[in-house]
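Here are my notes on this model, written for someone with the structure open on screen.

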Amino acid sequence: MARRVLITGARAVAALDIARDFAAAGWVPHLADSVPVRMASWSKAPAQVHRYPAPRQQGAAFRARIVELVDTFGFERVVPTCEEVFHLAAPALQRRLGERLFVPNLATLRQLHDKFAFARHCGEWGLPMPESHPIDCIEELERFASTSRKWVFKPRFSRFGDSALVAPDRRALAAITPSHDAPWMAQARIHGEEVCFHCVAHRGELVAFAAYRSSWRLGGGAGYSFEPAADQHREALRKIAARLAQCAVIHGQFACDAMFDEAGVAYLLECNPRATSGVHLLTGAGHLAHAIGDGIAAPEAVPRTLYLGPAMVVFGLPQAVRGARMRDWWRCVATGRDVVSRPGDRWPLLGALCDAASFSLTGFKHNISTNAAATYDLEWNGEELP
């Protein structure tokens, strides 16, 4: 009998690509989310799509629905891709589903997701991290007013880089209102080249790794093109990733942003303890599924340029026109590969655009950005979970 996997957060392109990889490995993948997901539903990927209540607003109902799905279909693995990972890691679900959940415990997730806690733990583990300070009130923020150009300020719980202030002036800094309930941090600004990596770890052992950089980014910093990192950067980050997985005893997917300074020294900036776009570098032949399902080490990621097709059109093309980068844009599109659609499976491209429009409407309704709307029903900012 074929093994079955439930992949949550089906709104993410990463979820669809992970489902395709599990199918390539001979598993029967299922997808699920709390919102309509046309991209996944319209795909020809052999994956049934389910719905569950909003994890953030309907936690008890969400947990009950996950248990129901697992009991009904007999899933061997539950693999999150978005911030529902935190709600899946709630103690009640951990006790009920145990080994089937491919997630660290909530305490470990907090260490990684809280940006200042991550910096502090990296220091304890001997991992390279820029000087970092917590900011829990206006008085602590004022200490940085005269040197604000040397720092990056960001909420300790945030995503997509939407709220980060890089080397702000006094006026921009004054707009921040940190508090105990909405803490910020200051991190020394590192000048150099940013490189990201995505990993899979099994009980602290690194079993899959891919490092990449992005030439095309949203205003907040999230990339939508993915190019192989230089060999020396990749090897340096692999060693860092392996030590991080071991020290934090990570069991699941995680990704980090890093900066190589002008001397070539790598610094970790922050961690996302979930799937990120770097996962696309590891999918295609079932190797990622074997890494997640059985802890079998995946081979080196194939060097190739990938991109999110809808984003390259909606955001990249206008950026190319404004910045006189049409040649760069065309080279990326012509030589790279779209991770949303496939030959014979083009409908996910239209589905992704429809899903993006839905999140835009949600953002308008709640007076928040489209990025914020994409995590409105599942984000986690350190709250206690039962």
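The points below cover a sheet, a pair of helices, a cavity and a pocket.

1. A reminder before anything else: this is a predicted model, so please read what follows with that in mind.

2. Start with the sheet. Four strands form an open sheet in the order S3-S2-S1-S4, and the pairing is parallel. At the edges sit strand S3 (48-51) and strand S4 (77-79), each of which pairs on one side only. On average, neighbouring strands of this sheet are turned by 25 degrees against each other, ignoring direction.

3. The S1–S4 pairing is worth a click. Strand S1 (residues 4-8) and S4 run parallel and are joined by three bridges. If you want one to look at, Leu-6 has Val-78 in S4 as its bridge partner.

4. Which helices pack on this sheet? Helix H1 (residues 13-24) does, touching S1, strand S2 (28-33) and S4. The direction of H1 makes about 170 degrees with that of S1. Helix H3 (residues 59-73) packs on the sheet as well, with contacts to S1, S2, S3 and S4. For H3, the angle is given against S3, and comes to about 150 degrees.

5. Next, the H6/H7 pair. The axes of helix H6 (residues 106-113) and helix H7 (residues 115-124) come within 5 Å, crossing at roughly 95 degrees. The two helices are therefore roughly perpendicular to each other. On the H6 side the contact uses Arg-110, Gln-111, Leu-112 and His-113, which meet Lys-115, Ala-117, Phe-118 and His-121 in H7. By class, that contact has three nonpolar, three polar and two charged residues.

6. How many cavities of 30 Å³ or more are there? The count comes to one. The largest cavity has a volume of about 50 Å³. Its lining is made up of Pro-80, Val-85, Phe-102, Val-103, Pro-104, Gly-252, Gln-253, Pro-273, Arg-274 and Ala-275. Seven of the lining residues of this cavity are nonpolar, two are polar and one is charged.

7. Last, the second largest pocket, with a volume of about 390 Å³. It is lined by 18 residues, and the closest to its centre are Phe-157, Ser-158, Arg-159, Glu-379 and Asn-381. The lining of this pocket divides by class into seven nonpolar, six polar and five charged residues.

Conventions
Residues numbered from 1 in each chain as written. Predicted model: local features only at pLDDT ≥ 70, side-chain atom pairs only at ≥ 80, totals over all residues. Heavy atoms only, no water. 1 Å grid on protein atoms, 1.4 Å probe; cavity = no way out; pocket = protein on both sides within 12 Å on 5 of 7 lines; lining within 4 Å. Points joined across faces, edges and corners; volume = space filled by probe spheres on them. Nonpolar A, V, L, I, M, F, W, Y, C, P; charged D, E, K, R; others polar. Axes fitted to C-alpha atoms, helices over the stretch in contact; angles between N-to-C directions. Parallel < 35°, antiparallel > 145°, perpendicular 65-115°, else oblique. Contact = heavy atoms within 4.5 Å. Pairing = 2+ DSSP bridges.
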